[in-house]
Amino acid sequence: MYDIVVVGAGPAGLTAALYARRADKKVIVIEKETFGGQITYSPKVENYPGIARMSGSEFADMLVEQVLSMGAEIELDTVNGICENPDGGLIVKADGADYTCKTVIIAAGSKHRTLGLDREEELVGEGVSYCAVCDGAFYAGKDVAVIGGGNSALQEAVLLSEYCKSVTLIQNLPFFTGEAKLLEILESRDNVKFITDTVVTSLIGEESLTAVELQNSQGEKSVFETDAIFVAIGQKPENDVFKDVVSLDDSGYISCDETCITQTSGVFVAGDCRTKKVRQITTATADGASAAIAACRYIDGI
Ligand SMILES: Cc1cc2nc3c(=O)[nH]c(=O)nc-3n(C[C@H](O)[C@H](O)[C@H](O)COP(=O)(O)OP(=O)(O)OC[C@H]3O[C@@H](n4cnc5c(N)ncnc54)[C@H](O)[C@@H]3O)c2cc1C
C-alpha cells in the first residue's frame with residue numbers, strides 16, 4: 001500500500017512527491033500524458049524565483065529527475081476514479097492498475113481551451129495548433145496568427161515571431177491581458193501585428209487551414225489569410241473523474257482553499273486543478289508542498 005498516490009506529474013504533483021519523499025513516505029505519481037505537465041509547452045520560463053531563464057521542458061526534466069532521485073515512483077497511466085477501500089484507506093483506479101493507498105493528492109492541472117468551431121478538431125496538425133513549442137517550427141517563414149491575449153498567447157507570439165514571416169495576434173478584448181514586458185517585446189518586432197476587439201468565427205480550408213473568418217465588435221466580417229493559427233485562449237480543468245469524491249466549483253475546479261485539504265477524508269488537491277486566482281508554477285509548487293505536508297500529517301495522525 002502506498003502512503004500517497006499523486007495524480008498528475010506537473011509542477012504541483014512532482015513537488016508534492018518531493019516533499020512526501022523527504023518525509024519518508026511511500027509515494028507514486030501517476031501521469032497520463034507528459035511528465036512535467038503543461039509547463040513543458042512553455043518556450044521560456046523567466047518568472048520562477050532563482051531561475052533567470054530556462055525552457056519549460058528543461059525545467060520539467062530537472063524536476064522529474066529530482067523526484068526520481070528522491071525515490072518516488074512515477075507511472076504512465078490514466079486515473080479514472082477514486083473510491084474507498086473496504087479494507088481501509090483509498091483505491092485509485094487507473095486504466096492499467098488499481099493503487100491502494102492511505103491518501104491521494106489530486107494534481108491533475110488543466111488543459112487548453114478550444115475555439116469550439118466546426119472542423120477545429122479535424123484541422124489540428126493541418127494549420128490548427130495549441131502549442132507553438134510543439135508545432136511552431138513547421139511554420140518557419142510562414143504567416144501565422146495567435147488567438148488570445150493573455151500571457152500564454154503573448155509567449156507563443158514571441159517565440160513564433162523569431163522564425164515566422166509574420167505573426168498576428170487576434171484578441172477578442174480591446175486590450176491584451178498578458179504581462180507588459182511581453183507586449184513590449186512584441187511591439188518592438190516588425191513582423192508582429194495586432195488585431196483587437198475581434199473573434200474568429202470560422203475556419204477556412206479544405207485539407208489544411210488557409211484562412212479564418214473574423215468578426216469585429218461592430219459585427220463586421222472579414223477573411224484573414226493565414227498558414228496556421230495557434231489557439232491560446234486559456235485553460236479548463238479535467239476534473240470530471242473526481243466529481244464523485246470531491247466537490248467542484250461552477251467552473252469545474254476542485255473547491256479548496258490554501259490548505260489544500262478537501263472535504264473528503266484522505267483526499268488533498270494541489271495546483272491548477274483547484275479553485276484559485278493565480279495559476280502559475282510558483283502557485284502550483286506552493287500547493288504541492290502544502291498538500292504533501294497536510295497528507296503526511298493526516299497519515300501520521302498529527
Ligand atoms: C504555453 C504555456 C506557457 C506557460 N508559461 C508559464 C510561465 O512562463 N511561468 C509560469 O509560472 N507558468 C506558466 N504556465 C502555467 C504553468 O504551466 C501551470 O500553472 C503549471 O504547469 C500548473 O501545474 P500543475 O501541476 O497544477 O498542472 P499541470 O502542469 O497541468 O499538470 C497536471 C498533470 O496531470 C495530468 N493528469 C490530468 N488528469 C490526469 C488523470 N486522470 N490521470 C493521470 N494524469 C492526469 C496531466 O496530463 C498533466 O501532466 C504556462 C502554461 C502554458 C500552457
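The model is predicted: local features need pLDDT of at least 70, side-chain atom pairs count only at pLDDT 80 or more, and totals for chains, interfaces and linings use all residues. Residue numbers start from 1 along each chain, following the sequence as written. Helices (H or I, at least four residues) and strands (E, at least two) are DSSP runs, numbered from the N terminus.

**The sheet**

Five strands form an open sheet in the order E8-E15-E9-E10-E11, and the pairing is parallel. E8 and strand E11 (192-195) are the edge strands; each has a single partner strand, so one side of each lacks a neighbour in the sheet. Two strands count as paired if DSSP finds at least two bridges between them.

| Strand pair | Sense | Bridges |
|---|---|---|
| E8 (residues 128-129) and E15 | parallel | two |
| E9 (residues 143-147) and E15 | parallel | four |
| E9 and E10 (residues 166-170) | parallel | five |

Individual partners can be named. Val128 bridges to Ile229 in E15. Val144 has Ala228 of E15 as its bridge partner. Val146 sits opposite Leu169 in E10.

Strand E15 (residues 228-231) is covered on both faces. Ala228 and Phe230 are buried on one side, Ile229 and Val231 on the other. Buried means that 20 or more other C-beta atoms lie within 10 Å of the residue's own; exposed means 12 or fewer, partly exposed is in between, and C-beta atoms are placed from the backbone.

**Ala9**

Ala9 belongs to the loop between strand E1 (2-7) and helix H1 (11-22). Ala9 counts as buried because it has 28 C-beta neighbours inside 10 Å. Leaving out residues up to four places away in sequence, Ala9 touches Leu14, Val29, Glu31, Phe35, Gly36, Gly37 and Ile74. Contact here requires C-beta atoms, placed from the backbone, within 7 Å. Ala20 is eleven residues from Ala9 along the chain, and their C-alpha atoms are 14 Å apart.

**The ligand shell**

There are 36 residues around the ligand; Gly8, Gly10, Gly37, Gly109 and Gly271 come nearest. A residue is near a molecule or strand if its C-beta atom, placed from the backbone, lies within 6 Å of it. H1, strand E2 (27-31), helix H4 (151-161) and helix H6 (281-300) each give two or more residues to the shell. By class, the shell has 14 nonpolar, 16 polar and six charged residues. Ala, Val, Leu, Ile, Met, Phe, Trp, Tyr, Cys and Pro count as nonpolar, Asp, Glu, Lys and Arg as charged, and the others, Gly among them, as polar.

Terms used. Two residues are in contact if their C-beta atoms, placed from the backbone, lie within 7 Å.
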